[in-house]
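Good morning, and thank you for the time today.

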Amino acid sequence: AGGEPDARGPHEIAELAAEFDRMVDEVRTTIETQGRFVDDASHQLRSPMTGLRLSLEGALEEAPDGERPAIEAALVELDRLGGIVDGLLVLARTPAEAELVTVDAAAVVRDRAAAWEGLAHERGVTLDVAAPGELPCRVVAGALEQLVDNLVDNALSVSPAGSAIHLDALAREDEVIVRVADAGPGMRPDELAHAFERFWQGGNATGSSGLGLAIVRQLARASGGDARLEHARADGRGLVAVVTLEAAPNDSGRLGPGPNRPLP
């Protein structure tokens with residue numbers, strides 16, 4: 001006590017600050033490099049896949065009946081590969097702290113349900129939508145549309161003909177909740193624990209990429225929310241995918257409660 005101040009203190013702090021600045025620059029460079037790589041990879045992967053699809057479709061038109069099944073199977077595999085590429089690009093592009101925008105969750109759910117109605121009808125599945133009024137929420141731009149699309153796509157892949165998929169959007173306290181429920185075979189509790197892992201496929205997998213739910217959770221969390229799966233029925237059949245997002249003020253500036261209709 002009472003001695004001269006330790007001259008190493010300010011010097012060490014300056015060195016620490018300089019090292020911190022260097023680390024920040026390295027992280028920034030890494031992120032920029034990753035972004036360029038993703039853009040380059042997107043172009044380099046999509047171009048040959050598009051060319052391959054055109055070649056296969058042309059061959060299918062001229063192929064004799066005996067060769068058509070093999071070409072059709074190749075097109076199915078190409079679609080699956082395209083889904084994997086698209087999923088990986090989404091996972092790579094979604095930053096941990098993306099800028100959020102305000103969107104009307106009810107309008108998005110109604111719009112996406114209308115877009116899927118034709119395919120659902122072809123498969124004998126009914127889309128039951130309950131998303132009245134306006135439900136403003138905060139989300140990464142374009143994320144909610146992709147969330148709903150992935151969940152409906154998953155539900156359609158397991159829904160038997162004659163069943164219904166229920167899409168529900170509601171407000172609860174300071175959250176907006178979007179739910180998609182199917183009448184498929186469901187999952188065991190141990191499968192539910194792994195459902196959001198990348199490339200994981202359960203016993204009822206239908207040739208999907210295994211990235212749909214991983215994308216749903218990543219986009220939900222990047223938006224400040226989350227996603228989970230629940231059993232739709234006590235016997236374990238059917239699943240309810242639940243996405244929670246931060247509610248945004250409506251035109252009156254209030255976070256008004258919305259309808260809370262239980263899913264069947």
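Let me begin with the salt bridges, of which the structure holds eight. Please keep in mind that this is a predicted model.

One of the salt bridges joins the side chains of arginine 53 and glutamate 57, with an N to O distance of 2.9 Å. Where do arginine 53 and glutamate 57 sit relative to one another in helix 1? They are four residues apart in that helix, which spans residues 8-62, and so about one helical turn separates them. Arginine 53 is partly exposed, at 24% relative accessibility. Glutamate 57 is partly exposed as well, with a relative accessible area of 33%.

Another salt bridge pairs arginine 221 with aspartate 226, and here the closest N and O atoms are 3.0 Å apart. Arginine 221 has a relative accessible area of 46%, which places it in the partly exposed class. For aspartate 226 the value is 28%, and this residue is also partly exposed.

Next, please look at arginine 228 and glutamate 230. They form a salt bridge whose closest N and O atoms lie 2.8 Å apart. Arginine 228 counts as partly exposed, at 39% relative accessibility, and glutamate 230 is partly exposed at 32%.

Salt bridges also link three residues into a network: Asp111, Arg112 and Asp149.

I turn now to helix 6. Is this helix largely enclosed or largely open to the outside? Nine of its eleven residues are buried, so the rest of the structure largely encloses it. Among the buried residues are Gly212, Leu213, Ile215, Val216 and Leu219. Gln218 is buried in this helix too. After helix 6 comes glycine 224, which has a positive phi, near 85°.

The C-alpha atom of glycine 225 is 5.3 Å from that of threonine 244, although the two residues are 19 apart along the chain. Threonine 244 is found in strand 7, and at 11% relative accessibility it counts as buried.

The largest nonpolar core has 46 residues, and the members that touch the most others are Leu144, Val148, Ile165, Leu167, Leu229 and Val243. Which elements supply at least two residues each to this core? On the helical side they are helix 3 (105-122), helix 4 (143-158) and helix 6 (212-222). The strands that do so are strand 3 (136-140), strand 4, strand 5, strand 6 (226-231) and strand 7 (239-247). Helix 4 provides the largest share, with eight residues.

Finally, the surface. Glu173, Asp174, Glu175 and Glu246 form a negative surface patch. Glutamate 173 belongs to the loop between strand 4 (164-172) and strand 5 (175-181). Is glutamate 173 buried or exposed? With a relative accessible area of 68%, glutamate 173 is exposed, because that value is over the 50% cut-off for this class.

Thank you for your attention.

Methods
Residues are numbered from 1 along each chain as its sequence is written. This is a predicted model: local features need pLDDT of at least 70, side-chain atom pairs count only at pLDDT 80 or more; totals for chains, interfaces and linings use all residues. Side-chain values use heavy atoms; hydrogens and water are left out. Patches are made of residues with over 30% relative accessible area and no salt bridge: like charges are joined within 9 Å, nonpolar side chains (Val, Leu, Ile, Met, Phe, Trp, Tyr) within 5 Å. Accessible areas come from the Shrake-Rupley method with a 1.4 Å probe; for residues, only the protein chains shown count as cover. A salt bridge is a side-chain nitrogen of Lys or Arg within 4 Å of a carboxyl oxygen of Asp or Glu. Lys and Arg count as positive and Asp and Glu as negative; His and the chain ends are not counted. The place of a charge is taken as NZ of Lys, CZ of Arg, CG of Asp or CD of Glu. Buried means under 20% relative accessible area, exposed over 50%, partly exposed in between (1.4 Å probe, protein chains only). A nonpolar core is a set of buried Ala, Val, Leu, Ile, Met, Phe, Trp, Tyr and Cys residues joined through side-chain atoms within 4.5 Å.
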